[in-house]
Amino acid sequence: MSAAATQEKSSGSKINLGAFFIEARALVALAIIIVIFASMSDTYLSVGNLVTVAKDVAFNAIIALGMLMVILHSGIDLSVGSTVGLTGAVAGTLFQGLHLPLTDAVMYPSIWVIVVIAVAVGMLVGWVNGLLIARLNLAPFIVTLGMLYVGRGLTQVLLDGTNITNELRGQEELGNTGFFEVFASSPLGVPISAWVMVAVAIAFSIILTRTPFGRWLYAIGSNERAAALSGVPVNQVKTRVYVLTGLCAGIVGMLQIANIRSSTADLGEFYELNAIAAVVIGGAALSGGRGTVRGTIIGAFVIGFLTNGLVIVGVSPFWQTVITGAVIILAVAVDQIQQILQRRQAQARAVAEARRESGKVPVGPGGHEGPPPEQT
Amino acid sequence: MKLKSMAAIATTAIVSVSLTSCGDAGGEGEGGGEIAIITVDPANPYWAAEVSRAEELAEELGYEYSVGAHENDPDEQTRLMETAINNDVDGILLDPAGADESIAIVEQAVDADIPVSLVNAEISETGLAEAQFISDNAQGAAAGAEVWAEAMGYEGTYVELIGEPSDNNAPVRSEGYESVLSQYPDMEKVGEEIANWDRQEGQTAMEQLLSRNPDIDGVISGNDEMALGAVNALDEAGRLDEVEVLGFDGSNDAAEAVADGKLVASVLQPIDEATTQSLEVLDEVIRTGESSVEEEKVALDCILITEENAEDLQDFVLED
């Protein structure tokens with residue numbers, strides 16, 4: 001009994017230690033990147049550049065937080081980039097006015113209506129993904145890959161070969177002005193996207209650590225069958241995480257069209273890959289059940305500070321891509337090596353313990369007094 | 001790239017479906033028959049203009065037509081061309097994906113007795129296509145660089161935003177700029193970034209370049225989208241008034257930015273004229289069996305878009 005309890009206890013603390021190392025690793029990587037580039041360039045840590053970094057990181061981090069939710073259940077969402085483009089195109093189309101059927105009337109929704117509808121479209125895309133994955137038990141990779149094409153195609157259909165630019169400004173007489181004033185603003189000198197990132201991070205952090213939903217999500221990611229048997233509403237949870245990624249993509253869609261002041265057909269391409277990279281650098285496991293909001297944000301900052309630094313110090317644009325990719329692989333490789341080492345240590349400890357146990361067996365039936373001194 | 005081309009198939013399918021309904025109008029002119037229009041990327045306003053001009057003219061000349069898009073992917077181009085050859089179309093209007101990469105497939109169509117006429121970009125072999133109407137990007141870039149250098153007062157520091165490196169136009173335009181700017185020793189390039197023709201990437205790159213070189217005087221960009229991204233970044237940094245930006249393509253957004261004084265100039269490729277001429281040659285060959293053009297390769301001059309003519313530009317057509 002007590003041996004089992006000890007084991008449980010020590011493995012528990014090991015997990016904590018492991019989690020600490022994984023997060024520390026991302027932090028160490030971040031610190032190294034910042035120190036290297038700051039020593040090479042004076043402007044790297046200037047306020048202006050930090051604002052630039054914060055803005056770019058925020059777009060990726062918001063998407064990555066949504067991606068974290070699906071990765072926690074061991075899923076993936078490849079459609080987020082297309083959803084960013086699609087929600088941007090929906091908003092742009094609404095700014096152009098809605099032709100009401102059967103009449104000549106054109107309706108111009110106010111900006112908040114536009115934003116709500118566009119973000120809702122993003123959530124709808126996620127909901128469809130979720131339903132297909134949860135109810136029909138389809139592979140997330142395939143479903144969201146398909147949705148990547150559908151979303152991008154619909155974006156192109158909506159935009160019909162043009163960019164929507166001027167309409168986003170709105171017109172005074174139509175009452176749909178003020179989009180840029182809100183979604184491209186910088187309250188207190190910090191870009192709005194960074195504020196939104198903080199808000200989403202806090203919200204998701206609460207969801208993951210303080211609600212049953214969060215515990216269910218980790219449980220499903222660790223062992224879906226066990227979770228289902230213990231009464232976790234697996235399908236419901238799975239569907240909802242995809243709605244959350246759709247929500248994140250919708251938010252970024254709005255922020256990004258305000259940022260570039262135009263709704264374009266290519267908007268959001270490859271965002272899904274940057275987001276996955278941020279989540280993985282942040283210590284999450286693609287096999288599910290492991291990952292934190294804090295780690296993901298740090299992961300996004302690692303990528304952001306790295307890509308920015310490469311430009312600032314003037315690395316050739318061709319090599320920038322190579323280096324970014326190599327750092328991602330390195331980060332994940334270090335993570336894996338660490339896990340292998342930990343597993344070996346755990347095995348060695350288990351073997352040592354087993355030896356001690358077997359050594360004690362002949363002494364008598366006093367198994368109860370086993371190794372309590374080690375319980376620290 | 002793969003993903004992009006798949007997305008292109010999806011849109012292509014949608015485009016062709018919606019076209020079959022209106023294609024029935026064909027068969028009334030002297031030409032008649034069916035032509036395949038194979039373009040690059042109709043989601044991009046530039047090629048959308050090419051496609052809509054080609055569709056309009058094809059209908060006028062009495063052809064049924066289908067539209068395909070290869071997104072500069074030679075594999076996808078081969079697939080689309082083979083489909084057209086298998087359908088035994090009467091002619092193909094092609095915007096080729098790569099000068100060398102496209103030779104074999106054009107040859108295959110010609111071997112199948114299907115005339116091919118090229119528009120916008122060239123292939124590096126003559127004697128295959130009926131005609132090649134291309135826009136002279138090097139000339140356009142040089143012309144743009146000249147007015148931009150004048151706006152700069154022939155001095156100061158600048159950065160360059162470069163398009164997708166795999167696209168031939170990226171180096172051609174960059175070298176076109178360089179050919180002019182290298183004559184002015186007081187102009188110094190202090191940085192360059194690849195922004196893949198994309199507005200958002202252009203904006204991000206510009207923000208980062210501004211962090212590094214806050215005092216630059218000018219920006220040259222391989223296309224309008226990246227230039228407009230740079231304009232956003234400069235505007236946000238409060239430096240737009242002092243920095244001269246040069247675009248390329250003559251898109252509607254850029255024309256407006258030129259009229260507003262945000263861009264010094266843009267360069268219009270004569271896509272409308274090139275499409276018209278190329279399709280007319282194709283029509284002639286289909287009807288008479290031979291073309292009357294003397295020179296297969298025709299490089300049409302690009303047109304400079306400045307404050308004077310920016311307001312006359314709409315959808316890549318300059319009203320007279």
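Which residue in β7(B) does V159(B) stand opposite? The residue opposite V159(B) is G191(B). I will come back to those strands in a moment.

First, the ground rules. This is a predicted model, in which local features need pLDDT of at least 70, side-chain atom pairs count only at pLDDT 80 or more, and totals for chains, interfaces and linings use all residues. Residues are numbered from 1 along each chain as its sequence is written, while chains are lettered from A and ligands numbered from 1 in the order in which they are written.

Let me start with chain B. Chain B contains 10 helices and 14 strands. Helices here are DSSP runs of H or I with at least four residues, strands are runs of E with at least two, and both are numbered from the N terminus.

Of the 320 residues in chain B, 55% are buried. Buried means 20 or more other C-beta atoms within 10 Å of the residue's own, exposed means 12 or fewer, and partly exposed is in between, with C-beta atoms placed from the backbone. Among contacts in chain B with a separation of 6 or more, 76% are between residues 24 or more positions apart. A contact is two residues whose C-beta atoms, placed from the backbone, lie within 7 Å.

Now the sheets of chain B. One is an open sheet of six strands with parallel pairing, in the order β2-β1-β3-β4-β5-β11 (chain B). Its edges are β2 (64-69) and β11 (297-300) of chain B; each has a single partner strand, so one side of each has no neighbour in the sheet. From one strand to the next, the twist averages 15 degrees. Two strands pair, by the way, if DSSP finds at least two bridges between them. Inside this sheet, β1 (residues 34-39) and β3 (residues 91-94) of chain B are parallel and share four bridges. I38(B) has L94(B) as its bridge partner in β3(B).

Across β1, β2 and β3 of chain B lies helix α3 (residues 74-86) of chain B, at about 175 degrees to β1(B). Axes are lines fitted to C-alpha atoms, for helices over the stretch in contact, and angles run from 0 to 180 degrees between N-to-C directions. In the loop between β2 and α3 of chain B sits N72(B). The phi of N72(B) is near 60 degrees, positive in a residue other than glycine. N72(B) counts as buried because it has 24 C-beta neighbours inside 10 Å.

The other sheet brings us back to the opening question. Four strands form an open sheet with parallel pairing, in the order β7-β6-β8-β9 (chain B). β7 (187-194) and β9 (244-246) of chain B are the edge strands, each pairing on one side only. The twist here averages 20 degrees from one strand to the next. Strand β6 (residues 156-162) of chain B runs parallel to β7(B), joined by seven bridges.

On to chain A. Chain A has 13 helices and two strands, and 46% of its 376 residues count as buried. In helix α8 (residues 212-222) of chain A, the buried residues are W216(A), L217(A), A219(A), I220(A) and G221(A). Those buried residues pack against α2, α7 (192-210), α9 (224-229) and α10 of chain A.

R261(A) is in the loop between α10 and α11 (271-281) of chain A. Its phi is positive, about 55 degrees, although R261(A) is not a glycine. With 21 C-beta neighbours inside 10 Å, R261(A) counts as buried.

Last, where do the chains meet? In the contact, 30 residues of chain A touch 29 residues of chain B. On the chain A side, α2 (47-72), α5 (140-159), α10 (234-260) and α12 (293-312) each supply at least two residues. The largest share, seven residues, comes from α5(A). By class, that side of chain A has 10 nonpolar, 16 polar and four charged residues. Nonpolar covers Ala, Val, Leu, Ile, Met, Phe, Trp, Tyr, Cys and Pro; charged covers Asp, Glu, Lys and Arg; the others, Gly among them, are polar.
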